[in-house]
Amino acid sequence: MTEPTTDVTDRLRDALHARTATVVPDPRAYERVVARRTRRRLRAWTGAGTAVLATAAVIAAVVLVATPKPVTLPPATSPAPAPAHFMAVTDGKAAVYDSDTPSTGYQGFNPAGDTVTAVTAQGDDFHFWSAAVSPKRCASQFTALEHEGPNTTARDLKGGSHVAGKVSALAVTLDGSRLAYVMTTGATCATTELHVRDLRTGADRAWRFRAGATDASLRPSLSWAPDARRLVYLTGCCDVRVLDTTAPGDDLLAPPARVDEIRDLHPEGPPCEARAAAFRGATGQLVVGVHCVGDAQVDVVPYDPETGRLGKVLFTVPGDATRLAFDRSGDHAFAETSPASVLLRWDRDRGASVSPVETGKYRVTDPVW
Amino acid sequence: MTTSVREGVAVAGNDAALPELFHAHYRRLLALAVLVTDDRATAEDLVQEAFARLHGRALADPDRALAYLRSTVLNLSRSRLRRLRTARKHERTDDAVLPSAEEHVLLRADQREVLAALWQLSPRQRQALVLRYWEDMSEAQVAAAMGLSNGAVKSHTSRGMTALRRILEPTR
């Protein structure tokens, strides 16, 4: 949000969403719910009254307490559960898949009637946005989707759902207050711009490449920090840039934080470059996909843009990685590879390994959750 | 979709439904509880309790599972706040309900000001405003969630907004 809102209602909405943006459940919450249920059952037993029942309850309690209870989700030391659903682009639609069984099918949405090119998710397994591009005109249309089970509501955006350009990437903040998008616009629909729409007020702000800028290309990959202020994107081949969207200026190459080359993985070895970048959900950790010359893989590592230091490798993607998408907890991620578009999934409780996502006959791109 | 939220809820009341119900609603309910209690630990406690209670009951209408959970969280939060208020009459511990520094570090000053003002309202006014402006519920939906009449909700909302304006815009 560039300017604090003034109307009390808007201020209230803004503050409430900001307050909940960083709320992440206790990783052991599910276990605790199961334990409470067990205790409630025991209390019901002991409340039965008779000595026989009380004795039986004690015995049952001893057995229940002494016997390890199988907890299917999540395991004792596991991270937060993965969202039940994710959204992706499939067959020109915004498609909602079941996270565990995506090959069984999807619920597709395309309210605008054009080809959906980009989707984004707020991370609450409920709010999603899509952008559909007109095949005949340099124009796109946004749709806000609220999806729960078989019920889905499509809404227009404040400030208008139509934009004069072709949208290729979307990213919404964790509090749902701001939508960033990459768009080509202009007379020939060839000028690349990055926009941020305030979803509460409809205000729109744009950043552009300066005239004559070299390597003026923007990867279709955006990711917000949990503060709903900083946005990470990649320009050219491999420059990671962190934009403070509240700072003045409109130059896409000007943001202070920038990754030129990352050599720390192999200080004495071949040069490395950033191939993808994203904030790791509500943890706020910036994560970069690093590819070193000669390697056939991308290492996904935390990166501190202020110190330039890299952390321990989170996971490794075979081939090249074009896009990283973390869930709200930061414990689960999708990685899209290129040139063969393969969808991989990482779960923190599985260590550094990734596994291919079985999508059956469906071609899944731009997954978000 | 082979495993929808509705299908998961449909078997609420036995163990099989709990994981999916938890996946689908826990985070959002936790956020709601944080807003109405302004205390992270209390919020976790209340939402876990709501899930524990839900699990022990067979709901006649599976579509009402979320509504039931939400109402339970709201009721528990009011009870908890009442007890806290009583305790504070004897022992003043203002910081007991203050959010952690980590959770507020990302908030702007004007957002903190609004939340502080919200905290000065009565629990029902605060709940009505949270449901209305964070959950984007209609007055009828808020009434159902809080177990009140539409008129009562309208009153709580109106008085809450008036109080907020008085606190945030004292010169008007």
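Modeller: Let us start with confidence: pLDDT is the predictor's confidence in each residue, on a scale from 0 to 100. What you see above is a predicted model, in which local features need pLDDT of at least 70, side-chain atom pairs count only at pLDDT 80 or more, and totals for chains, interfaces and linings use all residues. Residues are numbered from 1 along each chain as its sequence is written, chains are lettered from A and ligands numbered from 1 in the order in which they are written, and side-chain values use heavy atoms, with hydrogens and water left out.

Colleague: Where in chain B is confidence lowest, and where is it highest?

Modeller: Where pLDDT is low, the predicted coordinates should not be read in detail. In chain B the lowest mean, 31, belongs to helix 1 (residues 5-10), and the highest, 92, to helix 7 (residues 123-133); helices here are DSSP runs of H or I with at least four residues, strands are runs of E with at least two, and both are numbered from the N terminus. Over residues 91-98 of chain B, pLDDT stays under 50, and the model has nine contacts beyond four places in sequence for them, a contact being heavy atoms within 4.5 Å. Residues 1-13 of chain B also stay under 50, with 33 such contacts in the model. For chain B the mean pLDDT is 75, with 70% of the residues at 70 or more, while for the complex the predictor gives an ipTM of 0.82 and a pTM of 0.57.

Colleague: How should I read a core, and which residues touch the most other members of the largest one?

Modeller: In soluble globular proteins, nonpolar side chains tend to be buried together. A nonpolar core is a set of buried Ala, Val, Leu, Ile, Met, Phe, Trp, Tyr and Cys residues joined through side-chain atoms within 4.5 Å, where buried means under 20% relative accessible area, exposed over 50%, and partly exposed in between, with a 1.4 Å probe and protein chains only. The largest core here has 55 residues, and those touching the most other members are A:Leu12, A:Leu16 and B:Phe51. Helix 2 (residues 18-37) of chain B contributes the most to this core, giving 12 residues. Beyond its neighbours within four places in sequence, A:Leu12 has contacts that reach into chain B, with B:Val114, B:Leu118, B:Leu129, B:Tyr133, B:Met161 and B:Leu164. Another core, of 18 residues, lies apart from it and includes A:Ala225, A:Leu234, A:Val240 and A:Cys292.

Colleague: Is B:His25 buried or exposed?

Modeller: B:His25, which lies in helix 2 of chain B, counts as buried because its relative accessible area is 5%. The C-alpha atoms of B:His25 and B:Val47 are 9.9 Å apart, although 22 residues separate the two in sequence.

Colleague: In what order do the four strands of the open sheet in chain A stand?

Modeller: Strands of a sheet pair through backbone hydrogen bonds, either parallel or antiparallel, and two strands count as paired here if DSSP finds at least two bridges between them. In this sheet of chain A the order is 3-2-1-26, with antiparallel pairing. Strand 3 (106-109) and strand 26 (365-368) are the edges, each pairing on one side only. Strand 2 (residues 93-98) is joined to strand 3 by four bridges, and A:Val96 stands opposite A:Gln107 of strand 3.

Colleague: Which cysteines does the disulfide join?

Modeller: A disulfide is taken here as a pair of cysteine sulfur atoms within 2.5 Å, and the structure holds one over all chains. This disulfide links A:Cys138 and A:Cys189, with 2.1 Å from S to S, and is right-handed, with 75° about the S-S bond. A:Cys138 sits in the loop between strand 5 (127-133) and strand 6 (140-148), and A:Cys189 in the loop between strand 10 (178-185) and strand 11 (191-198), so the pair ties together parts of chain A that are 51 residues apart in sequence. A:Cys138 is partly exposed at 24% relative accessibility, whereas A:Cys189 is buried at 17%.

Colleague: How many residues lie between strand 10 and strand 11 of chain A in their hairpin?

Modeller: Five residues lie between them, and A:Gly186 in the turn has a positive phi of about 95°. Strand 11 of chain A is largely enclosed by the rest of the structure, because seven of its eight residues are buried.
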